[in-house]
Amino acid sequence: MTVTLADVAARAQVSPATVSRVLNGNYPVATSTRERVLRAVDELDYVLNGPASALAAATSDLVGILVNDIADPFFGIMASAIQSEIGGPGGRAGGERLAVVCNTGGSPERELTYLTLLQRQRAAAVVLTGGAVEDTAHAAAVSAKLRKLAEAGTRVVLCGRPPAPEAVALTFDNRGGGRQLTEHLIGLGHRRMGYIAGPEERTTTRHRLEGHREALEAAGVEDDRRLTVLGRYDRRSGYEATLELLRRDPSITAVVAANDTVALGACAALRDSGLRIPEDVSVAGFDDLPFAIDAVPALTTVRLPLTEAGARAGRIAMGREEPPPGGIATVRGELMVRGSTGAPRG
């Protein structure tokens, strides 16, 4: 049954005119009233009609691309590749689509808000990039939003995100990449390795760390949990975490970072501590972002084909490429061995 404006008004215990004012944003409304109306909209999954030109169609010319941080090259590269594939036949405005990049800042609440807004605008497609938040309630809420989008005719694609029944998924083999990196360091002779992980609640963090630990276990190397430090996916986190690792164990001979940006921070901290890379401490990253090869020394890392994966996600979202069998494809990384890793000293 279609939810109406009157249904929202009844749930929020306000007039239909107040609901309209809140949704259109063209009239001041008390904060408590606004929150009550928006909560009712969310609970009832009310979809606001978009522009009149979209009413005759199941979807509009809008494509939503959700990223955690557009300033992070990891997300910028994927968003650019997705956008490059969403033009062409199918849209009403000269065959083009309007791409809207939604920057969540890693906020679960903002992620849900953007999905609701894209649902109301009858988006033609939605592509969610990067890892997911590991929270049962949030995962259920996202699944419900994706299901509503799919039922309304919106194509939903996940790029670099774990699979979900409601969407096509191009998932990155973060666990396998993490295992490759640590196996490489073990093969060089390293046994005391520090690991700088990302935010604890992110699937990407868990999978990369699991790969690291699997490699340690397989080689019979001690997994000293004191040598794992959690942080953000940024340079400052890498810098501070490396100083903490050196404080906990000055004898470490390698640092494995959650991504290349964190690895750069680790390199800076080691240099500021009077240590040479890789002569004293080796450093490895993940993703192979554009600056990794230009670092001094060049960064050993796992190359994820971000441009290729993003472009494929865009084509699937536009219906120009068939989804993979079963709706899931695993995108594997490639180990790039460069100058930042070498045999341990002594």
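1. On a 1 Å grid over the protein atoms alone, a cavity is a set of points where a 1.4 Å probe fits but cannot get out, and lining residues have an atom within 4 Å of a point. Grid points are joined across faces, edges and corners, and a volume is the space filled by probe spheres set on the points. In this predicted model, local features need pLDDT of at least 70 and side-chain atom pairs count only at pLDDT 80 or more, while totals for chains, interfaces and linings use all residues. Residues are numbered from 1 along each chain as its sequence is written, and side-chain values use heavy atoms, with hydrogens and water left out.

2. How many cavities of 30 Å³ or more does a search of the whole structure find? The search finds one, and the largest cavity holds about 70 Å³ of space. Its lining includes R191, R192, M193, H212 and L216, and L227 and T228 are also among the lining residues.

3. Leaving aside neighbours within four places in sequence, F172 is in contact (heavy atoms within 4.5 Å) with F74, M78, G160, L304, L306, A309 and V331.

4. Strands here are DSSP runs of E with at least two residues, and helices are runs of H or I with at least four, numbered from the N terminus; two strands pair if DSSP finds at least two bridges between them. Strand β4 (residues 155–159) has four of its five residues buried. Strand β3 (residues 125–129) runs parallel to β4 and is joined to it by five bridges, with L158 in β4 as the bridge partner of L128. On the way from β3 to β4 the chain passes through helix α6 (residues 136–151), in a right-handed β-α-β crossover (clockwise from the first strand over the helix to the second, with the strands pointing away from the viewer). Strand β5 (residues 168–172) pairs with β4 in the parallel sense over three bridges, and V168 in β5 is the bridge partner of V157.

5. The protein chain has 11 helices and 12 strands, and buried residues make up 51% of its 346 residues.

Notes
Buried means under 20% relative accessible area, exposed over 50%, partly exposed in between (1.4 Å probe, protein chains only). On a 1 Å grid over the protein atoms alone, a cavity is a set of points where a 1.4 Å probe fits but cannot get out, and a pocket is an open set with protein on both sides within 12 Å along at least five of seven lines; lining residues have an atom within 4 Å of a point.
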